[in-house]
Structure formats: structure tokens, C-alpha cells
Amino acid sequence: MTDNGGQTVRKLWTPFNVIVGIILAVGGVLTLMRFTQGIGAVTNLDNNNPWGVWIGFDLLCGVALAAGGYVTSAACYIFGLKRYHSAVRPAILTAFLGYALVVLALHYDVGRPWRLPYPIFVSQGTSSLLFEVGLCVFLYLTVLFIEFTPAAFEWLGLKKIRAVVVKLTLILTIFGVVLSTLHQSSLGALFMIAPSKLHPLWYSNYLPVYFFISSMFAGMSMVIFESTLAHRYLSRHMDDTHHRQAFGVAMGFAKAAAFVMVGYLSVKLVGIAIDGHWQYLTTGWGMWYLVEVIGCVALPAVLFAMGVREKNLKFVRWAAAWTVFGIVLNRLNISMIAFNYHLPSDQRYFPSIMEIGTSVFIVTLGIVIYRFVTTRMPVLHEHPDYPAH
Amino acid sequence: MNTLFFTLHDFMVHTKGVTYLIMGGILVALPLFWWFLTERDDEN
Amino acid sequence: MGISRRKFIGCLGALALGQAAGVPGTAKGAAGKEFSGWPDSLGVLHDITKCIGCRQCESACHRVNNLPAPETAFDDLSVLDQKRRTDADVFTVVNRFDSDRPVFVKTQCNHCLEPACASACFVKAFEKTPEGAVVYDESLCVGCRYCMVACPFNIPAYEYHKALDPRVTKCTLCHPLLKEGKRPGCVDACPAGALISGKRDELIAYAWQRIQTFPERYVSHVYGEHEMGGTSWLYLSGQPFSRMGMREDLGTKSAPELTAGPLSAVPIVVGLWPVLLTGVYAISKRKEKIAAQEKQAAVEQAVVQSRKQAQDQLETLRKKWEQEKQSAINFEVKKALEEAAAKDPEPSQTKEDE
Ligand code: SF4
Ligand code: SF4
């Protein structure tokens, strides 16, 4: 850290730093407004639309896109696919940061954030799916934190305690998968309590299944997408192993994602058939539904497949970005766009610029921390003293 | 355990509460049993 | 407590008619368990055909609940020109719907038998009391607003402009008054007899009796009897409820029934996922081990083979070498003999002779 201190001073006014600085400053102002004047001062939320982008994007998309953590560590440690090893650490770090930011975003969204531990420690509303989500997110955040500590311990040179944590890898991974299965699906099940508010094309008894399956390919696509960015901007922090394995990781995940996506499309189809909702497909909402399902799941799946067949990394990377976009669209549809579809348009919700600004602020915060950590701790490379375990 | 419930909601709060406790137990018991099961496996 | 404001007669007759004979609003739980709500809980019947839109109930509600006075006074009926909903400091509103003649409908929390808000709340801030009211405990609420998402009638409101202690607000059915044996404020204030409070079971019977007696006055539907598992507020109307913004497509499934499925899947995942995953892990590890063993065996065999090969080679080499050596010796001997013979043939012969 100390040796590039001089560098940091010289490079302070880079475009990246300036933009980030502005966003963080604006975020600070918005934070101040939120906590002095209330949620109503910064958001367009109202009594009919109690959940907006802070839930739809920050919580739902955040959790779905942080699924790379459990997918990658399961592939490596449970399914024994050792070639994913170099991808595990960055994926765990992203997942941890993702969940931490989700929790941070919740502090903005809920009315009395200091009571967030209440559901777990004070009054357990066990009949609520939100209780389930809260409990699992809390536990999973802890698991991710422990899973990430070896990198920090290596950085700090704490060998003994690192060895203890590494021994727990398998059990932590299994816990991680169990907890992820639960809260990923429960996020979908949150909306099952409101069949009268969510458009029938999106409402289904399979909502939890849809959310879980889509979280898998969301996680894989996010790993590919993120590694694309990391290769571009943080390449000098990667070691040979990482570079060597990156292509295989991308291809492997592309293949898996494409196939899971086809499975997802199959259950979506089954869902429509079982509820007999074919007639909605020809309506305006049906078109929008098809844009989401065909346009942002089926097509990227084909692109993934082409990328895998041709061994074309470019195709795979584009398909990953496209899939990530599709996941965001799906979560926004369920939480905001197709939610309250029956209300007249003047009562519908559209986020305020300040709400979006807060979300941008939180994402930026994530990127800054990711950069801080990866440029210092052994994440994108192995620590010379601790070769692959 | 003979609590009388008049609403499904109260019943569910109670039964799910018990279930969550059981789940915690399961998560502790399973790894321990696995350890018991495989402890004497020879290393090769 | 009985039915107020209207003398209540013919309850038994209506029951005999059988239309209300089924258990009102039954919620089925897991394993076919059935719950029919608190016995003798109270409710209110709103006869929409009798409502005159005077807003006395709104005024009474504000008074009883100490709510801040609204911008427009309660006797100003011009507010009826727009559609309103409940708000942070407005627990009940009357809306006008125009058809051949104006129809007024009062809206407030329906005090569901199986409240969606209570089912959704992750800190148990809502409670369905034995008296029938669904009450909210401010001291637990986190402010996640999932209750508002869940409520099928869009009733709970939020104090969005409070920075430190925002609350969810909604009608309380005047729970404190009910416990004292009194009637809710709005019911007490209604000058037109459009609101009747009493035991829910009896109200349902009474409502059906009204429908039977005046079939041309009412549609044959008691709103709230089965909607979302049944509500403590019940409605009678002269025209389809959907025409007055009351959704008739809510279904009869209560909120806890809607979430029972995913909730019961949770423990199954906890029970079986670790077993399955450990299995996968064990298999992959075993495969790895077998692969390693095979590799080792192959290496060993290769070593043995190569060693044998090397030995064979060595052998042939040695043989060859020996042969060569032999022939070289032979040759040398022969040469020496020949040389010797050439030099002096005699001695050799002599030697041989010896
Ligand atoms: S009407 Fe809404 S707020 Fe009232 S009890 Fe039912 S779910 Fe709760
Ligand atoms: S806003 Fe309050 S009352 Fe409503 S679900 Fe959340 S914690 Fe419960």
C-alpha cells in the first residue's frame, strides 16, 4: 500500500476518480436528505406503490446478480471442477459486496433502519416470506464474510487463523448453497401473497422456482461479465493462473448458463400452460412478456451457445451482458412494471431522479470498494505464500 | 402443545416458528453426523 | 353486544334459509386443518344502498383517533368529486360513484379474518384480535412496507414524510372502544343507518336475509363474506361491486394459504439439500481419488514396464556386448595364436604335446 502512495497522489484527477467523486458527493447529499426529511422527500413512493427501485433494483437485482458467489464456489468445491478455482475468490468478493450493499440499500428503504435486526432478535414473524429472506440474507452475509476472510488473512499474514477457515471451506460452501436456494427463491415467493396486484403472466405458483433458476444463470453471467471488466481494467493484478483459466471459466459458465436458461424457459412455458394464460400473450402485456422471455433469455441463450460452439469469447461476453440485462428487466417487471398493473396510469409509480441517484451511488460505492480490495488483497491472483488449496 | 388456534395465521406463526428451530437443529446435526460417518475412512 | 342501530330480527330465519349456513370464511391450513376465525368476533355491515355521502363517519373517525384536521372541512362535500384512498392521517374515506344516481361507498381496513398484512409482517406488528380488529403495534414495525404490498385492498398507508419514526397507519376498528363494549366511531356517527356493527356471523345472516327480502334492491353477493378468506367488514350493494372500485377478482384464498406452499418448501430444502450436495461432493471426490489411483497405477505400470524394457534392453545389450566381447576375445585369441603361429609354430606344438 505504501509503495504506490506516491502514484495515487499523482493520479488523483483521473476521469474515473472525478466521476466517482461527483457521484459520491451527490450520494452524500441524498443520504442526508433521506435521513433528515424522510423517504417521501427523495422518492416517488406512495401508498399504492410502497416498493420502488430501492427494492426492485437494489434488493432484487442485487441479490440475483450476487448469485455468482454460490454458483462458483459450488462448482469448484462441491462439484470438484478445479479449473474454476481462480474464479472463486473474485466471485465471493462480488457476492459479499453485493449483499453488503443490498443491506446498505435497505437502510435507505425501510422506515426505521436501526430496527433491521428486529425480525431476527426481537419479534419473529415466521409466517412471512420476508422473514425467511431476512434471516437467510443475514446468515449468508456472515457465511460470505467468513469465506472471504482467507484473502484478508493472507494479506495481513495471519497464517494460523487462515488455515482454520480454509478447513471450513466445504461446510461453508454447502451452507451457502442452502441459504442461497432459500432466499433466492423466497424473493420470488414474496409476491405470491399479492395475486391481485401482479399481472397473471408474471404471477405463478412457480415464482420461487423461477427466481431460483434464474439466479443461477444470473450468477454465471455476472461472473463472466465481471471478469470481462476486470480483464480490461485490473489485468495487471491477475496472475498467470487467472489468465490461463479465465477462458475456460468463461466457456464453462457460458455452456452451463445456456443450458440452465433453456431449462428456465421450459418451466416458464409450463407455468403458462398450467395456469392456462395463453390468451394474455396476444395483449400488450403479452408482448412485453415476450420481449423479456424471448428477447432477453432465449436469444442470449442462443448467443451463448454460438459462443461456446465457435469458442468465441466475444460472443460469450456479449451474451453475458445481455443476460444480466434480462435478469434486471425480469426483476423490475415483477416488482414494479407488471406490479399494480391494474391501477390507472396516474397512480402508477415512476422512480424519482433522486431515487435513481441513490441507487447509482450505492453501485458506485461497490465498484470503489471492489477496486480497493482487488488492488491490495490476493483476489485476482494467488498469494505467493499460499498456493491453491 | 395443545394451544388452540382460531386463525390459520396464528397457527402458521406457531408451526413455522417450531420448524425454523428444527431447521437450525438439522443444520448442526447433519455435518456432525457426516463427520461421525466418515471419521474413520482411511485417508487413501 | 348484538346488533346496534337496527333491531335485529330474523337472524335465525336467515340461518334456516341456509345461505349463510356454511362456516363463513374458512381458511384451510396444511394437512386439511381448517380455521374459521375467532368465535363471536365482531364486524360491521356497510349497506351501500343506504349511504348518503355525508362524511359524518370520516369526521367521527378523525375525532376518535385524534387525527389532524384535514385541509377541507368534513361538511365540504366537493371532495367527493375526486376518488380518494386512505392516507397516513385518513383512516377512512367515502367515495362517490355515478351511475343512474350517485352511489357512495365507505372505504377503510376490512379487518380480514386472515389478514394479509399480518401474514406479511416479518416482526408480527399486526395482530388479529379476538374481538375482530386487526391492530398494529408501532413499537415493532421496521417500516419495510411489505404489509402494504400484501394488502389486497390497498389500505395501509405510510408516513413517508417522517424521518425518524414513520408508522404504518390504518383503521383500527376502534379496538379500544370495542373492548369497552362500545361501537366503532363511524358506526356511531352514521345518521343513515348505512353502518351496522355486531357479531360477524349474525351480520352475514342478516345481510342474506336483506337480500332475500329485497331481491330487487341488492345484488346477490355479500362482499367480504369470502373475499380473501373473509373480512370483518361486509358490504351490501345495489350494483356489482366492481363498478364501485371494489375488486371482485380477489378470490377466496386467504393470504396465509397463498404463502403456505413456498413456506413449507423451505424446511425440505434445509433437510435435503445438504444431503444431496454432500453426496455430490463425495462422488466428485471419489472420482478424483479413483482418477488419482488410476493415474498412479498407470504410472506404476509405466514404471514397471519401462524398467522391464530397460532391463530387456540392458540384457540384450549385455548379451550383445558379451557376444562382442567374446568374439573380440576369440578374435584376439585367434589373432594371437595366429601371430604366435606365424612367429614360431614349434613351441605351441611343444606345449600341446606336454
Ligand atoms: S384490509 Fe388490508 S390492512 Fe386491513 S386487515 Fe386486511 S390486509 Fe390488513
Ligand atoms: S412496514 Fe411494519 S407493519 Fe408493515 S410489514 Fe413491515 S414491519 Fe410489518
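Visitor: How many helices and strands does the secondary structure of chain C come to?
Guide: In this predicted model, chain C has 9 helices and 11 strands. Helices (H or I, at least four residues) and strands (E, at least two) are DSSP runs, numbered from the N terminus.

Visitor: What conventions apply?
Guide: Residues are numbered from 1 along each chain as its sequence is written, and chains are lettered from A and ligands numbered from 1 in the order in which they are written. Local features need pLDDT of at least 70 and side-chain atom pairs count only at pLDDT 80 or more, while totals for chains, interfaces and linings use all residues; side-chain values use heavy atoms, with hydrogens and water left out.

Visitor: What share of chain C counts as buried?
Guide: The share is 46% of its 354 residues. Buried means under 20% relative accessible area, exposed over 50%, and partly exposed in between (1.4 Å probe, protein chains only).

Visitor: Which residues are buried in helix 2 of chain C?
Guide: In that helix, residues 56-64, the buried ones are C:C57, C:E58, C:S59, C:A60, C:C61 and C:H62. Their cover includes strand 4 (93-98), strand 5 (102-107), helix 6 (185-189) and strand 10 (195-199) of chain C; contact means heavy atoms within 4.5 Å. After helix 2 of chain C comes C:N66, with a positive phi near 55°.

Visitor: Turning to the ligands, which residues are closest to ligand 2?
Guide: The closest are C:C121, C:C141, C:C144, C:R145 and C:C147, out of 13 residues that surround ligand 2. A residue is near a molecule if one of its heavy atoms lies within 4 Å of it. The shell around ligand 2 divides into 11 nonpolar, 1 polar and 1 charged. Ala, Val, Leu, Ile, Met, Phe, Trp, Tyr, Cys and Pro count as nonpolar, Asp, Glu, Lys and Arg as charged, and the others, Gly among them, as polar.

Visitor: And which are closest to ligand 1?
Guide: Ligand 1 is surrounded by 13 residues, the closest being C:C109, C:N110, C:C112, C:C117 and C:C151. By class, its shell holds 10 nonpolar, 2 polar and 1 charged residues.

Visitor: How many aromatic pairs are there over all chains?
Guide: A search of the whole structure finds 26. Rings of Phe, Tyr and Trp (its six-membered ring) pair if their centres lie within 6.5 Å; planes under 30 degrees apart count as stacked, over 60 as edge-to-face and the rest as tilted.

Visitor: Why is the pair of A:W51 and C:Y146 stacked?
Guide: The pair is stacked because the planes are at 15°, with the ring centres 5.4 Å apart. This pair crosses between chains, from A:W51 in the loop between helix 3 (39-42) and helix 4 (53-65) of chain A to C:Y146 in helix 4 (residues 146-150) of chain C. A:W51 is buried at 7% relative accessibility, and C:Y146 is buried at 0%. One aromatic cluster is formed by A:W51, A:F191, A:F339 and C:Y146.

Visitor: How many residues of chain B are in contact with chain C?
Guide: There are 18 residues of chain B in contact with 32 residues of chain C. The buried area, which is the accessible area (1.4 Å probe) that two parts lose on being put together, summed over both, is about 2,000 Å² between these chains, and carbon and sulfur atoms give 79% of it. B:F6, B:L8 and B:H9 supply 33% of the area that chain B buries against chain C, more than any other three residues.
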